[in-house]
Amino acid sequence: MKTIKLVIILALGIFAYGSSLAQKTPITQAEIETAIANGRNYTLVLLMAGPERNQDSITINQIMQGHLVHLFTMKRQGVMDIFGPLNDEDELKGMCIYNLTDKEAVRKLVEADPAIKSGRLSYKLFSWFSLPGECLQGQ
């Protein structure tokens, strides 16, 4: 549970404050209030190791290919903004941010993922507040 909390805190820091920290001028209270007033809720999905982790390598590859197709499809359909694996963690395997607030709708989408269906991954849903337009910095 500590790991999950740490990832959420890190995600908040990366997404909500990343672009502001790059500026050289001090952040004002008015700037913060304006940004927060324009914020909105999303659904954060943490993907964890599921109970079924003993598949053979061919089956794992098939499951994970289906998982990637599912994620890229959600992104293309505009219901997911960002996703990615966590490479240095045993229990926590990845995260997704859906731009939906209806947790039941997100639950249905997540449960359609072949990695969830197979039990290779499990998940937890969280309501998450952020600022529209925040993104990862490119090179």
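## An exposed ring and its partner

With a relative accessibility of 54%, F72 counts as exposed, while F83, at 24%, is partly exposed. Here buried means under 20% relative accessible area, exposed over 50% and partly exposed in between, using a 1.4 Å probe and protein chains only.

## About the model

This is a predicted model, where local features need pLDDT of at least 70, side-chain atom pairs count only at pLDDT 80 or more, and totals for chains, interfaces and linings use all residues. Residues are numbered from 1 along each chain as its sequence is written, and side-chain values use heavy atoms, leaving out hydrogens and water.

## Two aromatic pairs

How many aromatic pairs does a search of the whole structure find? The search turns up two. Rings of Phe, Tyr and Trp (its six-membered ring) pair if their centres lie within 6.5 Å; planes under 30 degrees apart count as stacked, over 60 as edge-to-face and the rest as tilted.

Y42 and W128 make a tilted pair, with 6.1 Å between centres and 55° between planes. This pair links distant parts of the chain, 86 residues apart: Y42 is in strand β1 (residues 40-49) and W128 in strand β4 (residues 121-130). Y42 counts as buried at 7% relative accessibility, and W128 is buried at 6%.

F72 and F83 pair edge-to-face, 5.1 Å centre to centre and with 80° between the planes. F72 belongs to helix α3 (residues 57-76) and F83 to strand β2 (residues 80-85), so their pair ties together parts 11 residues apart in sequence. Helices (H or I, at least four residues) and strands (E, at least two) are DSSP runs, numbered from the N terminus.

## A charge over a ring

Y42 has another neighbour to meet: the charged end of R40 sits over the Y42 ring, 4.2 Å from its centre. That description applies if NZ of Lys or CZ of Arg is within 6 Å of the ring centre and within 35 degrees of the ring normal.
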